[in-house]
Amino acid sequence: MFTEVLVALVIGGLIFFLVQRSMTQVLKTEDGWWGAGAPPNGEEDVTIHAFKVTTSDDELEDLYRRIDQTRPVPSLEDSQFHYGFNSYYLQKVVSYWRNDFDWSRQVDKLNQYPHFKTNIEGIDIHYLHVKPKKVPEGTTAIPLIMVHGWPGSFYEFYGLIPLLTEPSDPGDLVFEVVCPSIPGYGFSEAPHKKGFDSVCAARVFHKLMKRLGFQQFYAHGGDWGWLITTNMAQLEPKTVKGLHVNFAPPSKPGLPMALSIMLGHRFPKLFDFTDFDIQRLFPAMEKLVVETVKESGYMHIQATKPDTVGRGLNDSPVGLATYILEKFSTWTSREFRSLEDGGLTRKFLLDDLLTNVMIYWTSGCIISSMRFYKENFGKGLNQPHSKIPVYVPTGFACFPNELMHTPKLWVKQKYQRLLTFTPMARGGHFAAMEEPQLMSEDIQNFTKIVEKKKK
């Protein structure tokens, strides 16, 4: 009897130790220097500078000259978007871009929110900082950092920002929003050295938020923004008060995921699978393997030799637009591959799509944005952050047309304090841009729960 009790105590103590150890696990990182050459002696320059997006006649003349010299290639008959961007529809987009799109007006739209730059770890970080015009008496604005992905930009959040900073419902929370450009994207300077991955971006954005005076804040992200904000929560779990994401592919598939793939179709209740989960996951070979291969060719290129294809895209505005806009078609809905126009303007305005393209074109950032894939995948899939759970309160918005469907069981494997899991009515990969109202409502609901403003 004594031996059995002793063994039970030892096993119980070991389990307790392992649980406590995992509960206190945080992601480790060290400061870096990403500027050209060696870091200078002396203290870091923490100055914040106002920034404005600008354009010029020379910039537009160069763009138009390159567009005029494009060499159209006919698409195959009856190919729609199955071979990539349809050339016949591309000519319509290019014609609109060349003759009707008003970049100067869009520059004014970009500048409707305050832009800034500040130097962190040797590179200039661009960001928007939008403060609410009015905060209800007795309350304070809730700081929120929102991080974009590829091939998006800070502009993805332009429809969402006013819904958060100026909510129409008096019962809603009011947010103070920071939207940075990932280094190497848009107007953030690109790293000059190898190795800048998602953890580095997370560390830089923590420094940015501290520089802005925030000791605690919420974070939201999709695409790369999901991983960066997840890393932010892993680095400083007491600083990130709540994490909201709309993309969460499994970073390290485990036994529960494997069993759910093998048995979930026959025993859905065992894994808490819904009818929609079954529809999106099975047959597993088709939905999880074949479909992924169909849509991941770009990723293999960018994770191995980004500079090669990037150089061509950086020289050709039509090539750049084709490469970027195809993603806004297919990643919004797989069904759009069977449409002659790729369904591009069913969910987005052409002006908004071309504005995002112009951010890449005018900043010349396509190569550096693609390098982010190599920096992350080049280190392998077994990085420390892939093995560390997230204990920060988390909300997940599950959009039905997301690239990879992630059922609740899979999300909970990584995010241990999953407070909300919301099956969204509609929307795809670029959800903040496509469905800002739905995204705003889910961020509000999640934050109210964390703030205990809602039962």
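Contact here means heavy atoms within 4.5 Å. With that in hand, take Trp-97: leaving out residues up to four places away in sequence, Trp-97 touches Leu-63, Tyr-64, Ile-67, Pro-317, Val-318, Ala-321, Leu-354, Val-357 and Met-358. Before going on, note that this is a predicted model, where local features need pLDDT of at least 70 and side-chain atom pairs count only at pLDDT 80 or more, while totals for chains, interfaces and linings use all residues. Residues are numbered from 1 along each chain as its sequence is written, and side-chain values use heavy atoms, with hydrogens and water left out.

**The cores**

A nonpolar core is a set of buried Ala, Val, Leu, Ile, Met, Phe, Trp, Tyr and Cys residues joined through side-chain atoms within 4.5 Å. Buried means under 20% relative accessible area, exposed means over 50%, and partly exposed is in between (1.4 Å probe, protein chains only). The largest nonpolar core has 119 residues, and Trp-97 is among those with the most contacts inside it, along with Met-146, Trp-150, Ile-161, Ile-228 and Leu-325. Apart from that one lies another core, of eight residues, including Phe-273, Ile-278, Leu-281 and Trp-410.

Now look at Leu-409, which sits in helix H18 (residues 408-414); helices (H or I, at least four residues) and strands (E, at least two) are DSSP runs, numbered from the N terminus. Leu-409 counts as partly exposed because its relative accessibility is 21%. From Leu-409 to Phe-273 is 136 residues in sequence, but 8.0 Å in space, C-alpha to C-alpha. Setting aside neighbours within four places in sequence, Leu-409 is in contact with Pro-256, Ser-260 and Phe-271.

**The cysteines**

How many disulfides are there? The count is zero, taking a disulfide as a pair of cysteine sulfur atoms within 2.5 Å. For Cys-179, the nearest cysteine sulfur is that of Cys-365, 16 Å away. Cys-179 counts as buried because its relative accessibility is 0%, and Cys-365 counts as buried because its value is 3%.

On a 1 Å grid over the protein atoms alone, a cavity is a set of points where a 1.4 Å probe fits but cannot get out, and a pocket is an open set with protein on both sides within 12 Å along at least five of seven lines; lining residues have an atom within 4 Å of a point. Grid points are joined across faces, edges and corners, and a volume is the space filled by probe spheres set on the points. Searching the whole structure turns up three cavities of 30 Å³ or more.

| Space | Volume |
|---|---|
| Largest cavity | about 110 Å³ |
| Second largest cavity | about 40 Å³ |
| Largest pocket | about 1400 Å³ |

Fifteen residues line the largest cavity, with Glu-156, Gly-222, Asp-223, Asn-246 and His-429 nearest its centre. Strand S6 (217-221) and helix H19 (431-434) each supply at least two residues of that lining. The second largest cavity is lined by Thr-330, Trp-331, Thr-332, Ser-333, Arg-334, Asn-401, Glu-402 and Leu-403.

As for the largest pocket, 45 residues line it, and Phe-247, Pro-249, Thr-292, Met-299 and Met-404 are the closest to its centre. Which helix gives the most to this lining? That's H10, with five residues.
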